[in-house]
Amino acid sequence: MGFDVAKVREEFPILSRQVHGKPLVYLDSAASCQKPWTVIEAMSRVMESSYSNVHRGLHSLANETTEAYEAARRSVAKLIHAGSVDEIVFTKGATDAINLVAASFGQRLVEGDEIILSVMEHHANIVPWHFLRQAKGVVLKFVPVSDEGELDMDAYRALFSPRTRLVSLSHMSNVLGTVNPAAEIVAIAHAHSVPVLLDGCQSIVHEIVDVQALDVDFYVFSGHKLYGPTGIGVLYGKAEMLATMPPYQGGGEMIASVALDTITYADPPHRFEAGTPAIIETIGLGAAVDWLMAQDRDAIAAHEHALYERAYEAVRGINGLRVIGTAPGKGAVLSFTIDGVHAHDLAQILDRYGVAVRAGTHCAEPLMTRFGVTSSARASFGLYNTVEEVDLFVDALIRAQTFFA
Ligand code: PMP
């Protein structure tokens, strides 16, 4: 099928804007992606033509909107090769999805039970587990990370004990770009009868994910990093796993019946979707997923990889620049520090050239500590970025550096 980046850029209206009189070079897709027309239009279309609350009405608008909402669930199931649409729970985002698992699955954990995490996790995959540590005395164990930014798989194997109850790891690091060996991670955990949650926030964007082939128990991601809107994300849970989990929020839509002294709950996924959902955002996510599935994803992955390689080769020669995360096969995320230059200052200077990069801890403070830095700058590449933009970024970086010299 191939991939025509110039053509694809025309589908993203924001990419034609300027910043400080310069063409926008958006290299912050790992934080949030820009949106194609198809997503923008799907969201306004529902408000213009069929908007209603979902599931509860018998009128035409309710039926049409419910159909569009549930079509998004089918699209997501298809995207990740879920065995059933009922394994797709809509959440506010990846953070919300992990909190859901911690609050619901976490109810079965008792003092001394163990959860395996890693040093490279986003705070979204650390803090909800800290809640269980604080509330119940659950023990958190962390897989260390090598200097290149790879998980230490021997250490991972050695962390299992008869008290291990869950493994929760990122599939791809938002800072290092490392793609962790998901199938191996799951196989090792399952050999100990331990379920696995994969944080797919970054990986879902860059690679084809097959939850059944991975045999993973939970997989989470956010819509806004997948060319969809904010306020919507996904928890995939194996049917047999979700079936054993109690609801974690109560309200409308998640019950089978309510009386004054008894209550029964709906089956998954509705058991976990209390209240009026993010209807418009869900429909927007469905449009993003349909759009992405229609693209040549292998060609996109090759394109993004080529952008990363070009950027990496160009910046590694810059005096005092250190790239954080050099694992083989890593994704299109370039984190770096420059001696004597604070990442925030760097990001602000780059912004003067129209170049948007992120700077800070990237919500991964333990990882920053591991690499002995307090912050880093990060350029991340999306399918709409071009070779010319990589070169503009590198030029701006060299100019920014002379600014500090
Ligand atoms: N995990 C990873 C790996 C991420 O990159 C992010 C977003 N930066 C999150 C979790 C949290 O996603 P959200 O803020 O959309 O819930």
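Guide: Let's start with Lys-225, which places a polar side-chain atom 2.6 Å from a nitrogen atom of the ligand. Gln-202 also takes part, with a polar side-chain atom 2.7 Å from a ligand oxygen. At His-122, an N or O atom of the side chain is 3.2 Å from a nitrogen of the ligand. Polar contacts here are pairs of N or O atoms within 3.5 Å. On its own the ligand has 400 Å² of accessible area, and the protein covers 85% of that (Shrake-Rupley method, 1.4 Å probe).

Please keep in mind that this is a predicted model, where local features need pLDDT of at least 70 and side-chain atom pairs count only at pLDDT 80 or more, while totals for chains, interfaces and linings use all residues. Numbering runs from 1 along each chain as its sequence is written, and side-chain values use heavy atoms, with hydrogens and water left out.

Around the ligand, counting residues with a heavy atom within 4 Å, you will find Ala-94, Thr-95, His-122, Ala-124, Asn-174, Asp-199, Cys-201, Gln-202, Ser-222, His-224 and Lys-225. By class, this shell holds three nonpolar, six polar and two charged residues (Ala, Val, Leu, Ile, Met, Phe, Trp, Tyr, Cys and Pro count as nonpolar, Asp, Glu, Lys and Arg as charged, and the others, Gly among them, as polar).

As for the chain itself, it has 15 helices and 17 strands, taken as DSSP runs (H or I, at least four residues; E, at least two) numbered from the N terminus. Its C-alpha atoms fill a box of roughly 70 × 55 × 35 Å along the principal axes.

The peptide bond from Pro-268 to Pro-269 is cis, with omega near 5°, and Pro-269 lies in the loop between β12 (263–265) and α11 (279–293). His-81, although not a glycine, has a positive phi of about 60°; its loop runs between α3 (60–79) and β4 (88–91).

Technical notes. A polar contact is a pair of N or O atoms within 3.5 Å; within protein, one must be able to donate a hydrogen and the other to accept it, and residues adjacent in sequence count only if both atoms are side-chain atoms.
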